[in-house]
Amino acid sequence: RHVRGYLQHIVWHRWEDVAKVYRAAFDIKMPNVSALTDAVEKRHHIVHRCGYDLNQQPVYVSAEEIDKLSKTVAAFGLELAGRVNAQSS
């Protein structure tokens with residue numbers, strides 16, 4: 001119960017916290033997250049600032065951004081899974 005409660009309350013985009021979990025659970029280093037940083041910030045503006053940035057400008061998301069991000073997330077997931085699988089072999 002303790003572990004489940006801990007994992008349920010981790011904020012997934014607090015990379016340092018998530019990296020600690022992967023290090024403890026799988027003894028791996030997380031892949032570089034820099035390619036996800038802008039998208040996480042944009043998400044924050046959309047979710048927590050009603051779609052406006054810090055300068056009160058509307059935040060827009062293009063189809064191209066969505067396509068690029070989906071490919072970036074897929075690549076990140078594959079790299080992460082590869083590291084987990086390599087460690088568990």
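Student: Is Trp 15 buried or exposed?
Tutor: Buried: this is a predicted model, and in it Trp 15 has 17% relative accessibility. The cut-off for buried is under 20%, so Trp 15 falls on that side.

Student: And what does Trp 12 count as?
Tutor: Trp 12 counts as partly exposed, because its relative accessibility is 46%.

Student: How many aromatic pairs does a search of the whole structure find?
Tutor: Two. In one of them, the ring centres of Trp 12 and Trp 15 lie 6.1 Å apart with 80 degrees between the planes, so that pair is edge-to-face.

Student: Which residues form the tilted pair?
Tutor: Tyr 22 and Phe 26, with 5.7 Å from centre to centre and planes at 35 degrees.

Student: Where do Tyr 22 and Phe 26 sit?
Tutor: In helix H2, which covers residues 15-26. They are four residues apart there, so about one helical turn separates them. Tyr 22 is partly exposed at 24% relative accessibility, and Phe 26 is also partly exposed, at 35%.

Student: New topic, pockets! How much space lies in the largest pocket?
Tutor: About 290 Å³.

Student: Which helices each supply at least two residues of its lining?
Tutor: Helix H3 (37-48) and helix H4 (63-88). The lining residues include Lys 42, Arg 43 and Ile 46, along with Glu 65, Leu 69 and Thr 72.

Key. Residues are numbered from 1 along each chain as its sequence is written. This is a predicted model: local features need pLDDT of at least 70, side-chain atom pairs count only at pLDDT 80 or more; totals for chains, interfaces and linings use all residues. Side-chain values use heavy atoms; hydrogens and water are left out. Rings of Phe, Tyr and Trp (its six-membered ring) pair if their centres lie within 6.5 Å; planes under 30 degrees apart count as stacked, over 60 as edge-to-face and the rest as tilted. Buried means under 20% relative accessible area, exposed over 50%, partly exposed in between (1.4 Å probe, protein chains only). On a 1 Å grid over the protein atoms alone, a cavity is a set of points where a 1.4 Å probe fits but cannot get out, and a pocket is an open set with protein on both sides within 12 Å along at least five of seven lines; lining residues have an atom within 4 Å of a point. Grid points are joined across faces, edges and corners, and a volume is the space filled by probe spheres set on the points.
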